[in-house]
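I opened my notebook to get to know a new structure, one look-up at a time. Here is what I wrote down along the way.

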Amino acid sequence: MSEMVIETSNLTRRYGKKVSVNNVNLKVPKGSIYGFLGPNGAGKTTTIRMLLGLIRPTSGHIRIFNQDLSKHRMPILRRIGSLVESPSYYGHLSGYENLDVIARLLKVPSKRIDEVLGIVRLTPAAHQTVKGYSLGMKQRLGIAAALLGNPDLLILDEPTNGLDPAGIHEIRTLIKDMPKQHGITVVVSSHLLSEIDQMATHVGIIDHGHLLFQDSIEKLREQSSPKLFLQVDKPHEAKRLLQDAGFKVSIQGDNLQIPNSDLSVTEEINRQLVQAGISVYRISEQSRSLEDIFLDFVDKEGSL
Amino acid sequence: MNGALVSDWIKMRKTWIKILVILGPFGVISLNAVRYALNYHGIVRPGDDAYNWALLIQNISHLLMPTLMLGIALLASLLSGLEHQGHAWKQLLALPVSRVQLYLSKFIWIAGLLAISATLCAVGTILLGFAFGFTPHVPWAGILEECYYPYLAAYGVIAIQLLLSVLVANQSFAITLGVLGMIISGLSDALSPDGLTHAGHWAPFVPWVYPSLSALTHGAVQHVDFAYVVYGLLAGGLLLALGTGLFARKEVK
Ligand SMILES: Nc1ncnc2c1ncn2[C@@H]1O[C@H](COP(=O)(O)OP(=O)(O)OP(=O)(O)O)[C@@H](O)[C@H]1O
Ligand SMILES: [Mg+2]
């Protein structure tokens, strides 16, 4: 098993009676890009605030870099760069000065300010006041600020929220480079699966405070591989027959479902059924997009 | 600690805060200059420089108190407003920096800037006296007491305003309290020196009246009271400790 950078156990946060984060056990492997996915109000920001020590958990524990956050907040935070929800900035200062404010607190040399401005491609606008920045530029300034202290872990809460496709693409490229070029583990939250899909190596899906899924993105994709659906006149008989022939079959309503849709398999199944005198009305292939799977997770939860 | 102080300086050096520090004492001195210029013969007793100096100190002191109280509220509010406006608290407090230092830095800056204002006020008083020709008997101690005693006695109020400005993002609360404080500080000013013996019972529990009671002047006679400076510093220390504690535990939205 690979080393975990973040591990939470039964992390819970209540606001009054409302449970915003409910017994969440996050596991973020070292060197991963962990997509933290959930619809609005799912509990992403609340979880991230707890990871950064901005709010306290109602119960549960957080271990980051194998240390207890409640006991070693300072040394842990020294290795984290973060961006929480709406961008933070001093509008009357230039981008450079905004970073200078943080650089003084972190005691990093001013040369590092130029470096991070370069990484997020803000060098040309470095001496403009941030008031005049576009949302995308502010978001990139936030990422620059997060990178300032040479972090080992980057926690970004909806970094692409409100950006146009070009801006989203740019930030995605930035994030994808982090583990490769800088050896940084990244946690990035989003409410769009398509966005996470294009950069994450691992995914956690949260809704109504519950972590519903957590694994590598491949595991999530497996669930989206195409399936074969058969409509026949005698489904139970057909199922028995196909199972005897070694196929994995399940019944869904009046349909038979087979988790494999190769052409040869389709042909073989059809032939066996027809030879056994079972009428096949319809054969169809259904593939579900990641988006469908995500919505499935979220819907199931909603109907609980 | 240096990091926090320098970083706060970078934030405020391009704001009104700097100008406010000069504007306060400048307003107090220049208003008095105008007043004397318009009615010089009605105010000044020729040949009685001791009286003239004392009256000048009194006139400046009366304007200084409300200016000081309002100045504290504005400085605290502007300094915290910088953080509230750009949603900067969450970024700042997720940094590996002690919250105690971040909070103390703000207090030190307000106290430091007001010290500059107090000094400018003392310098202004002396220049004004010289300009009116009250040269021979400059009451140095009286002038220093007039400007520095209220300033030191106001440390409790600084701590209160800073706490409210930091904890409540909507600065109208802090400014409203600042204006109320200014009115309360003026109440004690209206008391005659005889009334002060009565004021003695409740005044130690109301930090807003410390500044005016620390350097009261009536009928061109100064009644400075160092006790209120001590009260002010004690209240300042206690409330600052309380504020730092609350800030360190504050949940960041
Ligand atoms: N300070 C607060 N007081 C009361 N309730 C809160 C507070 N902060 C969050 N909540 C509640 O907790 C739940 C989770 O909110 P959170 O901000 O973590 O969601 P999110 O996943 O970040 O959503 P979004 O995609 O909209 O940013 C919401 O239902 C919200 O109403
Ligand atoms: Mg959020």
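Before anything else, I noted what I would count as a salt bridge: a side-chain nitrogen of Lys or Arg within 4 Å of a carboxyl oxygen of Asp or Glu. I also reminded myself that this is a predicted model.

**Entry: a salt bridge in chain B**

I began with B:Glu83, which forms a salt bridge with B:Lys106, their closest N and O atoms being 2.9 Å apart. B:Glu83 sits in helix H4 (residues 49-85) of chain B and B:Lys106 in helix H6 (residues 99-131) of chain B, so this pair ties together parts that are 23 residues apart in sequence. I checked accessibility too, and both B:Glu83 and B:Lys106 are buried.

**Entry: salt bridges within helices of chain A**

I then searched the whole structure and got 20 salt bridges over all chains. One of them is between A:Asp100 and A:Arg104, with 3.1 Å between the closest N and O atoms. These two are four residues apart in helix H3 of chain A, so about one helical turn separates A:Asp100 from A:Arg104. A:Asp100 counts as buried at 10% relative accessibility, while A:Arg104 counts as partly exposed at 37%.

Next I looked at A:Glu115 and A:Arg112, whose side chains meet in a salt bridge at 2.8 Å, N to O. Both lie in helix H4 of chain A, three residues apart, about one turn of the helix. Here A:Glu115 is partly exposed at 37% relative accessibility, and A:Arg112 is buried with a relative accessible area of 11%.

**Entry: where the chains meet**

How many residues of chain A are in contact with chain B? I counted 29, and they are in contact with 30 residues of chain B. Together the two chains bury about 2800 Å² between them, 57% of it on carbon and sulfur atoms. Of the area that chain A buries against chain B, A:Leu54, A:Tyr90 and A:Leu105 supply 24%, more than any other three residues.

I found three salt bridges across this interface, including one between A:Arg13 and B:Glu251 with the closest N and O atoms 2.8 Å apart. There are also 15 residue pairs in polar contact across the interface. Helix H2 (73-78) and helix H3 (95-106) of chain A are the elements that give two or more residues to the side of chain A that touches chain B. H3(A) gives the most, with seven residues. By class, I noted 15 nonpolar, five polar and nine charged residues on that side.

**Entry: the magnesium ion**

Which protein atoms are donors of the magnesium ion (ligand 2)? They are A:Thr45 (OG1) and A:Glu85 (OE), lying 1.9 to 2.5 Å from the ion. A:Thr45 is in helix H1 (residues 44-51) of chain A and A:Glu85 in the loop between strand S7 (80-83) and H3 of chain A, so the pair ties together parts 40 residues apart in sequence. I have A:Thr45 down as buried at 10% relative accessibility and A:Glu85 as partly exposed at 36%.

**Entry: a buried asparagine**

Last, I looked up B:Asn32, which lies in helix H2 (residues 16-38) of chain B. B:Asn32 counts as buried at 1% relative accessibility. A polar atom of the B:Asn32 side chain lies 3.0 Å from the backbone oxygen of B:Val28. Leaving aside neighbours within four places in sequence, I listed B:Asn59, B:Ile60, B:Leu63 and B:Leu128 as the contacts of B:Asn32.

Notes
Residues are numbered from 1 along each chain as its sequence is written. Chains are lettered from A and ligands numbered from 1 in the order in which they are written. This is a predicted model: local features need pLDDT of at least 70, side-chain atom pairs count only at pLDDT 80 or more; totals for chains, interfaces and linings use all residues. Side-chain values use heavy atoms; hydrogens and water are left out. Contact means heavy atoms within 4.5 Å. Buried area is the accessible area (1.4 Å probe) that two parts lose on being put together, summed over both. A polar contact is a pair of N or O atoms within 3.5 Å; within protein, one must be able to donate a hydrogen and the other to accept it, and residues adjacent in sequence count only if both atoms are side-chain atoms. Ala, Val, Leu, Ile, Met, Phe, Trp, Tyr, Cys and Pro count as nonpolar, Asp, Glu, Lys and Arg as charged, and the others, Gly among them, as polar. Donors are N, O and S atoms within 2.8 Å of the metal (3.2 Å for Na, K and Ca); water is not among the atoms, so sites may look incomplete. Buried means under 20% relative accessible area, exposed over 50%, partly exposed in between (1.4 Å probe, protein chains only).
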